[in-house]
Every structure is written in C-alpha cells, then in structure tokens.
Amino acid sequence: MQTTQTQVTWHIACHINDIPEDGGGCALIDGKQIAIFNFARRGEWYATDNQCPHRQQMAVSRGMIGSHEGEPKVACPFHKKTFSLQSGQCLNDDSYKINTFPVMVKENLVYIGI
C-alpha cells in the first residue's frame, strides 16, 4: 500500500493576544480567510475555514465555541449550524462541512498549516 503525505507550509497568522480567550478571530492567509479559535478552557487552538458553507457568509470566526459530548465545536452566528473544530463536519446537518487546519503556537505567535 502506498501512502501520500501532504506537505504542510506554516504561516504566521497572528500574535496570541490577537485572539480572545474562548473566542475567535480571522486571518487572511494566501488569499483565504481562516477562522482561528483560542479554546482557553480546553487549552487548545483550532483553525477552520471562515466561510460558512450554508449561506457562503464569512462569519465562522465570530461564532460561539463550546463542546458537545466532549467534542469542541463552533456555531455559525447567523444560521446556528455547528461544526466540529476537529473534523469540520457539521454536527446538526450532515450535508455541510468546513476545512480544518493544523495550528501551532510558538513564542507567542499563532501559526496555521496550509
């Protein structure tokens, strides 16, 4: 069996203080809006598409974050579709999904892997 590895390029997105604790923000990386979440209650960082696939609005970074049965999630502020911050799968409508991206925090900077 042959496996393919995808090369990840790390991009500086912002300073850690640019993203509120237990909230989100947005960064433009390679012409793409990326939603970045500082899930401080869990001590974890996440990154997803900022565009909600339901109505194509750039709003995911402004959504509320929380957990459902231990899984971190974000709710679109306009349509209340909830997405897993780990897989991007919509938790209340299987027909929607957003991309997720690896996050690395180093020396107070947030890096996103694309």
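Author: Strands here are DSSP runs of E with at least two residues, while helices are runs of H or I with at least four, and both are numbered from the N terminus. This is a predicted model, in which local features need pLDDT of at least 70 and side-chain atom pairs count only at pLDDT 80 or more, whereas totals for chains, interfaces and linings use all residues. Residues are numbered from 1 along each chain as its sequence is written, and side-chain values use heavy atoms, with hydrogens and water left out.

Two strands are said to pair if DSSP finds at least two bridges between them. On that basis strand 10 pairs with strand 9, residues 103-106, in the antiparallel sense over four bridges, and within this pairing Val103 stands opposite Ile112 of strand 10. Strand 9 and strand 10 also form a hairpin with two residues between them, and in that turn Glu107 has a positive phi of about 50°. Strand 10 is joined as well to strand 1, residues 10-15, by five bridges, and these two strands run antiparallel; there Trp10 faces Gly113, which belongs to strand 10.
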